[in-house]
Amino acid sequence: MGVDVAELIKRGGVFSDVKASCPEDVYKYISEQIVMPDGVTSSEVYEALCAREKIMSTAVGNAIALPHARTPVIKEGEDQRICVVYLSNPIEMHAPDGVPVKTMFIILTQNSQSHLQVLSTLVGLFQKTQFKKLLDDQVSEAELLKAVTEMA
């Protein structure tokens, strides 16, 4: 059975109009906003996201980035989540296509298998023009969840 990306987004939430000048600002904000599962601190999530970004940009192109920890910080399947972040202003993250990032899908999964399933689903969505337009329009959580459910 695959990973339910809509459910992970519902758990992580959609954050609109986030002001940031660099990825670390976003990671700080998100790690302080989301409710962490027992045994996981906001600083662990922040440090894990920053450490991964230092290795190589998580920007994938089309104004999208997929930040994640190199090693899982989430222990249980029910604690996995994706935080969708709409930035108020695009930030430079050295994407392969050179386009600054406007939308981040911060992926917090428990293992590499779940992570790869999430990536596979998201990449499929990003290939759909209609889905990319929804991201450009920074649609509400309800609209985004509906689109993910229908298109994934």
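Helices (H or I, at least four residues) and strands (E, at least two) are DSSP runs, numbered from the N terminus. The model is a predicted one, in which local features need pLDDT of at least 70 and side-chain atom pairs count only at pLDDT 80 or more, while totals for chains, interfaces and linings use all residues. Residues are numbered from 1 along each chain as its sequence is written, and side-chain values use heavy atoms, with hydrogens and water left out.

Apart from neighbours within four places in sequence, Val 73 is in contact (heavy atoms within 4.5 Å) with Val 40, Glu 44, Val 45, Ala 48, Leu 108 and Thr 109.

Helix H2 (residues 23–33) comes next, with Pro 23, Val 26, Tyr 27, Ile 30 and Ser 31 buried. These buried residues fall within an arc of 125° seen down the axis of H2, so they line one face of the helix; the arc is that of the directions from the helix axis to the C-beta atoms. Their cover includes strand S1 (14–18), helix H3 (42–55), strand S4 (81–91) and strand S5 (101–108).

Turning to another pair of helices, Val 5, Ala 6, Ile 9 and Lys 10 in H1 meet Glu 141, Leu 144, Leu 145, Val 148 and Thr 149 in H6.

Methods. Buried means under 20% relative accessible area, exposed over 50%, partly exposed in between (1.4 Å probe, protein chains only).
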